Amino acid sequence: MLGSLMLVGWLGGQTLQVECGLAGVFGYPGDRFAGPNGFACEHSIKKRYGSIYWDAVRRQGLAHRSRPCGEHLLVCAGAVCTPAVVIDRGPVGALDAIGRWRFRPHGLKAGEHYRGIADLTPQLARTLRFSGLGEVSIVKIP
């Protein structure tokens with residue numbers, strides 16, 4: 001609760017849309033889910049801001065299915081919050097009708113639902129003192 005009060009004070013009392021749900025961790029070296037051409041947003045972020053900026057935000061990034069590439073967000077896990085940038089699309093993990101995990105990079109099949117709302121890079125997860133799979137809150141930074 002204290003973290004929420006400080007967030008509202010910091011943002012000057014603006015109305016915020018908060019997205020809450022499960023998140024996992026992705027992007028370890030050799031991780032096959034980063035895609036054969038790297039991260040989905042890498043090219044557009046490098047083109048707009050340059051390689052040095054990409055190298056900085058890649059470590060504090062997250063994968064989100066609908067937020068635009070390069071968007072700045074505030075991610076909270078428990079009482080810890082930190083800024084992050086959308087660097088990839090995902091998560092692509094889905095659960096089928098009987099609870100089995102499936103890799104679904106191109107959409108869901110009948111009876112499936114996505115397992116979470118975001119995936120965090122390992123460094124972002126460490127900053128949030130987060131490991132594995134857990135609840136996060138995501139707020140767009142105005």
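**View 1. Glu 71 and its contacts in a predicted model.** Glu 71 touches Ala 84, Val 85, Val 86 and Lys 140, leaving aside residues up to four places away in sequence. Contact here means heavy atoms within 4.5 Å. Glu 71 sits in the loop between E2 and E3. Helices (H or I, at least four residues) and strands (E, at least two) are DSSP runs, numbered from the N terminus. At 11% relative accessibility, Glu 71 counts as buried. Buried means under 20% relative accessible area, exposed over 50%, and partly exposed in between (1.4 Å probe, protein chains only). This is a predicted model, in which local features need pLDDT of at least 70, side-chain atom pairs count only at pLDDT 80 or more, and totals for chains, interfaces and linings use all residues. Residues are numbered from 1 along each chain as its sequence is written, and side-chain values use heavy atoms, with hydrogens and water left out.

**View 2. The closed barrel.** The barrel has 6 strands, in the order E1-E8-E2-E4-E3-E9, and its pairing is mixed. On average, neighbouring strands of this sheet are turned by 45 degrees against each other, direction ignored. Two strands pair if DSSP finds at least two bridges between them. E3 and E4 pair in the antiparallel sense over 6 bridges. Leu 73 stands opposite Ala 84 in E4. Helix H3 packs on the sheet and touches E2, E3 and E4. The direction of H3 makes about 125 degrees with that of E4. Axes are lines fitted to C-alpha atoms, for helices over the stretch in contact, and angles run from 0 to 180 degrees between N-to-C directions.

**View 3. The largest nonpolar core.** This core has 26 residues. A nonpolar core is a set of buried Ala, Val, Leu, Ile, Met, Phe, Trp, Tyr and Cys residues joined through side-chain atoms within 4.5 Å. Those with the most contacts inside the core are Leu 62, Val 75, Leu 120, Leu 128, Phe 130 and Val 136. H3 (51-59), E2 (61-64), E3 (72-77), E4 (80-88), E8 (118-120), H4 and E9 (134-140) each supply at least two core residues. The largest share, 5 residues, comes from E4. Leu 128 touches Val 75, Cys 76, Ala 77, Val 80, Cys 81, Thr 82 and Leu 120, not counting residues up to four places away in sequence.

**View 4. Aromatic pairs.** A search of the whole structure finds 3 aromatic pairs. Rings of Phe, Tyr and Trp (its six-membered ring) pair if their centres lie within 6.5 Å; planes under 30 degrees apart count as stacked, over 60 as edge-to-face and the rest as tilted. The rings of Phe 26 and Phe 39 have centres 5.8 Å apart and planes at 80 degrees, so this pair is edge-to-face. Both Phe 26 and Phe 39 lie in the loop between E1 (18-25) and H2 (42-49), so the pair ties together parts that are 13 residues apart in sequence. Phe 26 is buried at 5% relative accessibility, and Phe 39 is buried at 9%. Ring pairs link Phe 26, Phe 39 and Trp 54 into a cluster. The rings of Tyr 49 and Tyr 53 have centres 4.7 Å apart and planes at 45 degrees, so this pair is tilted.

**View 5. Arg 126 on helix H4.** Arg 126 is in H4 (residues 122-127). It is exposed, with a relative accessible area of 57%. Arg 126 and Val 25 are 101 residues apart in sequence and 9.9 Å apart in space, C-alpha to C-alpha.
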